[in-house]
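Please look over the structure shown here before reading the notes. They are grouped by topic.

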Amino acid sequence: MRLHEHEALDIFEELGIPVPRRGVAGTMHEALHLAGEIGYPVMLKAQVLVGGRGFAGGIKTASTPEELKNMADVLLGSEIKGMPVRKILVCEKAEVAQELYVGITVDGYSGTPVIVVSTEGGVRIEETAGTAPEKLASMHIDPSFGYYPYQARRMLRMLNIPQSLISAWTDVIGQLYKAAENYEALICEINPLVVLPNGGLLAVDAVLEVDDSAISRIRQPLPDRIERIENPLEKRGKEIGVTYVDLDGDIGIISSGAGLGMASMDIIGEKMKPANFLETGGGITAELLYRCMDLIMRKPGIRGIFINVYGGINPIHEGAKGVVRYIQEHNLQLPIVAKALGNRQEETWEIFRSAGVHVVTETATEKAVAKLYELVGKN
Amino acid sequence: MSILIDDSTRVIVQGITGRIGTAQTHWMLDYGTKIVGGVTPGKGGSIVEGVPVFDSVEEAVRQTGANASVFFVPAAFVLDAFLETIDAGIKLIVIVPEHIPVQDVIRMRSYAADRGVFALGPTTPGILVPGKGKMGIMPASLFAPGRVGIISRSGTLSYEFAGILSEINVGQSTVIGMGADPVVLRNLADILELFEQDEGTDAVIIVGEVGGEQEEKAAGFISRKMSKPVAAYIAGRHSPQGKRMGHAGAIVRGTSGTVDAKHEALRAAGAEVLDSPIHAAQWAKKHKLQ
């Protein structure tokens, strides 16, 4: 779960990282009031959970109350990359002498936490890695021992950071590491970390993504993970315990595995357009598949359904019963193609066929997609 | 020949008394796997599917001579059970459960590496050696004995590729799920190395997906060390950026982990990129794999 910038800033502040004076506004009047307290000029930043917000017009500077009125009005209620802007962060505009970067992430390949620092902040760090690797230093942390300040000092010396900055920057890195530990973060980042004209540091943006698998044991209070999902269908998916990703086509997809679901999307995407990606994970029951059918059918304009399941850990014959019940109760007339292989496959085929589902018994998903294309094309 | 599982492999099932543990023990025994015991703390002395259950891994090892373990333990208890298993001297561990916190996986990986333990997962279907045995949840009917190795980040896609090959009588030497989490216990290159050394494997298929950099990093190993033909498929060409596609590790961030980046690295290393699973059949015919 990714936290909003203002939530992450609150957490960083509590751990002692210097952050700007700020507040969160849901209306133009609240924004005006906050800006009055903070003092102009102020930054207005849309609180949406997508990357690249600045390029999409989600970050603005207001120098006067009049400017702020217009900008806040435009921002609130607008959409940034498809996400509605409900709140804006109003914060002091820092004077920038230099922009730095510091981030802690998990390096999947070495299987350790890694700290990355850069003397070039405010841009995508991957770009810096490609264009100016000398401005970037990183360090893997031994999971048995954790982080020690000498590691930060070493990285900063490698980047030729002036001695006067090393102590303050080392403190920030240590506190950020603490945040990453406390929240079991997959990403914990300040970009940019601003150097002020007086030499002080200020974290003017914050990213914190909590490991979903660890949420139940994190001691600090966290926002409700399901409540904040914007897309109502994706929210419903989380409620019933499946992964649902909303897409913009008209073919519904149910799969019993993530890889299989992605492959199905790719093959369907050649000639048709997926409307959604629904992956059940392990633990299929008749009830769950009934709910999955209900969920994919909530999307308007579905023209066909593709079911791709394997009976390994999943009792697919149970799942088939749920699909059939949904079809019968709703008198569903769409073309539905199912490929179901593995344990108890013959029983599963019989159940599907009883409700008019077209069963494909060959392994290659392409063959089943071809059948669906033939049927949907006829409609 | 095969890798990881052979006639000397004696398997225990951890979490054997749970619903999934019991059902999967049944299927593994059915496939001929030498399962010698199960472990569930507090349930020692009982029998599941004809197999004795022990309270601790140490006791199971002492009584049965077990040297491998497959996990059906709830995610919250996996780290504890994993450390216990390594301390009891087991050298091959398969972690089937999903949703294990990344911080736990990091600790597990470090502990296993320091002690020379080979562990797979989390979120893996396991290992299957056609005709010999399996540690995990793969549906056995889709597999056939032969000489093609398969390594997959996705359980269901490993079944898909094995099934496509089996239908044209191209069997598999060993099929391995490496797991779909952001951090897994063993990297792709490590497993490729086992296949390269295996006399029973003539060629290898890598089944990857968006997210992470396992495939990109393995490309270096392929170009330097692999003498056998390698084919690769990457799922997720149509996955929207920034969305987790079911697997915890399957997410494209910025420019990293994309299908294009993986294709480019694999092609440059000399692997043949398969645009779609069904192309595995043509590839196998071209290389005369049987």
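Predicted model: local features only at pLDDT ≥ 70, side-chain atom pairs only at ≥ 80, totals over all residues.

Residues are numbered from 1 along each chain as its sequence is written, chains are lettered from A and ligands numbered from 1 in the order in which they are written, and side-chain values use heavy atoms, with hydrogens and water left out.

**Sheet in chain A**

- Four strands of chain A make an open antiparallel sheet, in the order β1-β6-β2-β3. Helices (H or I, at least four residues) and strands (E, at least two) are DSSP runs numbered from the N terminus, and two strands pair if DSSP finds at least two bridges between them.
- The edges are β1 (22-25) and β3 (59-62) of chain A, each of which pairs on one side only.
- On average, neighbouring strands of this sheet are turned by 25° against each other, direction ignored. Axes are lines fitted to C-alpha atoms, for helices over the stretch in contact, and angles run from 0 to 180 degrees between N-to-C directions.
- Five bridges join β2 (residues 42-46) and β6 (residues 88-92) of chain A in the antiparallel sense. Across this pairing, L44(A) is opposite V90(A) of β6(A).
- Helix α1 (residues 5-14) of chain A packs on the sheet and touches β1, β2 and β6 of chain A; its direction makes about 150° with that of β1(A).
- Helix α2 (residues 28-38) of chain A also packs on the sheet, touching β1, β2 and β6 of chain A, and its direction makes about 170° with that of β1(A). Contact means heavy atoms within 4.5 Å.

**Helices α2 and α3 of chain A**

- The axes of α2(A) and α3 (residues 65-75) of chain A come within 9 Å and cross at roughly 145°.
- From α2(A), the contact uses M28(A), A31(A), L32(A) and A35(A); from α3(A), it uses P65(A), L68(A), K69(A), A72(A) and D73(A).
- Seven of the residues in the contact of α2(A) with α3(A) are nonpolar, none is polar and two are charged. Ala, Val, Leu, Ile, Met, Phe, Trp, Tyr, Cys and Pro count as nonpolar, Asp, Glu, Lys and Arg as charged, and the others, Gly among them, as polar.

**Aromatic pairs**

- The whole structure holds six aromatic pairs over all chains. Rings of Phe, Tyr and Trp (its six-membered ring) pair if their centres lie within 6.5 Å; planes under 30 degrees apart count as stacked, over 60 as edge-to-face and the rest as tilted.
- Y147(A) and Y177(A) form a stacked pair, 5.3 Å centre to centre with 25° between the planes.
- Y147(A) lies in the loop between β9 (136-140) and α5 (149-158) of chain A and Y177(A) in helix α6 (residues 163-182) of chain A, so the pair ties together parts 30 residues apart in sequence.
- Y147(A) and Y177(A) are both buried (under 20% relative accessible area; exposed is over 50%, partly exposed in between, with a 1.4 Å probe and protein chains only).
- Ring pairs also link Y310(A), F143(B) and Y159(B) into a cluster.

**A179 of chain A**

- A179(A) is in helix α6 of chain A and is buried, with a relative accessible area of 0%.
- Leaving aside neighbours within four places in sequence, A179(A) is in contact with F12(A), L15(A) and C188(A).
- The C-alpha atoms of A179(A) and I11(A) are separated by 7.4 Å, although these residues are 168 apart along the chain.

**Strands in chain B**

- β2 (residues 35-39) and β4 (residues 51-54) of chain B pair in the parallel sense over two bridges, with G38(B) opposite V53(B) of β4(B).
- β3 (residues 47-48) of chain B runs antiparallel to β4(B), joined by two bridges.
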